[in-house]
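Hi everyone, thanks for making time for this. I'd like to walk you through one model, going from the whole chain to a few residues and then to the contact between chains.

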Amino acid sequence: MKKFVLLTGIVALFSLAAFSQAPAAPPATSTPITTNDLKNVDTPKMDDRLKGDPGASLTGNVSDIAVNDSKKGLTVADALNQIGQNKVAINFVWTLITGFLVMFMQAGFAVVETGLCRAKNANHTMMMNFMVYGVGMLAYWLIGFAIQMGGVGGVANLGGVPSLNTEHAITLFGKSFGLFGQHGIFLTQGGTYDVGVMVVFLFQMVFMDTALTIVTGSAAERWKYSAFIVSSFIMGAFTYPLFANWAWGGGWLANLGTNFGLGKGYCDFAGSGVVHAVGGITALAVSMVVGPRLGKYARDGRPNAIIGHDIVIVLTGCFILAFGWFGFNPGSTLGASGNGSLRISSIAVNTMLAGMTGGFGAMLYMWMRYGKPDASMSGNGLLAGLVAITAPSGFVNTVGASIIGLIAGVLVCLSVEFVDRKLKVDDPVGAISVHGANGLWGVISVGLFADGKSNYGGSWNGVTGSVTGLFYGDASQLVAQLIGVVTLVGFVFTFSYVVNLVIDYFVGQRVSAKAELEGLDLPEMGQLGYPEFELKGRAVSV
Amino acid sequence: MIFSGIVITLLGFLLSVLSLGFVSSVGGRMTMVLIGLAVSLFGIMGVINRANLKNAIWRR
């Protein structure tokens, strides 16, 4: 009897399996829709509408489709135009809202940097973070956007933006090398007074401002406010837009694939290189020009720890930044509909995971090395993981994202020690390590971990296929990424360093020793950050 | 000294760009790009930073 039951069960299981594997029915023959079909679509009666629609079954129907010619009534062309506009509308809303999230990251940067500085400089540090938003935006609106995106040649998800079509290029090795765009000055020149262009501008502007605000952290507590204004303006107008054009605006780095067969060209999905490495490397240049804070190094070169005044707002700021990063990375699809944009879910999960493993990596490293799970370095580890995953977020799977974040968490600790002790470059908030070192790591990781599964409309940077890294079979992608890294280290650093040397000559980069010892709030800003607090000096050995 | 550092750093970048025109294999380009990266890093850390440290504020 038992054997019979067992046999029956096995037969039933196989039958079920066979049934589930039965070939699907052939697709029904598609019949073209005619205008007459549209006229026969039922619409809710007005009597029903007047009763309200609590079940949401009547609101939004064929009568909501815009009709071009009321005499003809609804046509197929009307319906198709509405579908196209709906797709672009979804992408507009997605890109704008994610752009708003990125804008809020400015608040996160402001409190992280201010918390890591001393209370006597709170107003000055906060004001730099506050005004870099306006200074950068002005420079970018004036010229930066045109340099970056003026020759991008179209953004399919946002309705095409065909007016951004003029790139200045030179010919090198028989190939075209795009250097800078030429349309979009004041958002009016060259036909750029356009709804799609406005979306591109808003999204790219908040990215640019993120790069600028990185520098205010590394040069904090001794940077002259007037020099900060000039330096930030030039960075928003030229430094950032140039590299961003090469990577995102149709420039020569993006075309390394089409011109030289190097993978899909330089790939930086949301800006580990374009935003964070540009910010971090400029931070290194500015910190070298400005010099270390008084008391940071003893006469024998031994570094002293200068502790920030509020770890609570530091970690709160890290959370704000992690929240904003959901705009940074998933928003970089520039849409939620069409061209593989539904990958936003994968990008968001990759972002979460890398941030988490970055925080863990830094906490465990500090715990093992110094005996305590350091709070500020755990926060920096979270940010390092997020910075590193920014470039590969659209091209890797969750395992790759977790590994990239974990390495970033440890790398940020090692880099902070290296910059502090070996280079003797003073960086109060660790911006050079968080954004510079890990921005470069993020760019390289695309060339290693990209799994070849992403598909954004069938090609990337004009090369058919998916972005694939060394571990999945394409070594040439890693070469393209490394050329991007050398461009950041060799060109962006040099440009930033020379610009800031010139500013130092004409404006002066550093406040007086008296102002620095007193705290920059009164001498530079005219008001204390915490006027009712009694600030106590702390002796340091020099 | 700082000027030399700037030139060396820029040279590393130019070396990696030149790899696009003068080398066609992936391995060859990778090698040239890595050499360019090393040159640029030497320019920043070994020359420019060292020049800055000679006149560092904490030495005075």
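I'll start with how to read the model and then turn to what is in it.

This is a predicted model, so to speak of local features I need pLDDT of at least 70, and side-chain atom pairs count only at pLDDT 80 or more, while totals for chains, interfaces and linings use all residues. Residues are numbered from 1 along each chain as its sequence is written, chains are lettered from A and ligands numbered from 1 in the order in which they are written, and side-chain values use heavy atoms, with hydrogens and water left out.

Let's take chain A as a whole. Its secondary structure comes to 17 helices and four strands; these are DSSP runs, with helices being H or I of at least four residues and strands E of at least two, numbered from the N terminus. The C-alpha atoms fill a box of roughly 85 × 75 × 65 Å along the principal axes. Of the 542 residues in chain A, 54% are buried. Buried here means under 20% relative accessible area, exposed means over 50%, and partly exposed is in between, using a 1.4 Å probe and protein chains only. If we take contacts between residues at least 6 apart in sequence, 76% join residues at least 24 apart, where contact means heavy atoms within 4.5 Å.

The largest nonpolar core has 136 residues, and Tyr240(A), Phe243(A) and Trp252(A) touch the most other members. Helix H15, residues 475-506 of chain A, gives this core its largest share, 15 residues. By a nonpolar core I mean a set of buried Ala, Val, Leu, Ile, Met, Phe, Trp, Tyr and Cys residues joined through side-chain atoms within 4.5 Å. Looking beyond four places in sequence, Phe243(A) touches residues including Tyr266(A), Val278(A), Leu488(A) and Val492(A).

Two more residues, please. Thr210(A) sits in helix H6, residues 195-218, and is buried at a relative accessible area of 0%.

Asn121(A) is in the loop between helix H4 (76-116) and helix H5 (122-149). Is Asn121(A) buried or exposed? It is buried, because its relative accessible area is 0%. Its side chain makes a polar contact of 2.7 Å with that of Glu221(A). A polar contact is a pair of N or O atoms within 3.5 Å; within protein, one must be able to donate a hydrogen and the other to accept it, and residues adjacent in sequence count only if both atoms are side-chain atoms.

Last, the interface. On chain A, 38 residues are in contact with 30 residues of chain B. The two chains bury about 2,900 Å² between them, 81% of it on carbon and sulfur atoms; buried area is the accessible area (1.4 Å probe) that two parts lose on being put together, summed over both. Phe173(A), Arg299(A) and Val486(A) supply 19% of the area that chain A buries against chain B, more than any other three residues.

How many residue pairs are in polar contact between chain A and chain B? There are three, with both residues at pLDDT 80 or more. H15(A) gives the largest share of the side of chain A that touches chain B, 17 residues. Thanks, everyone!
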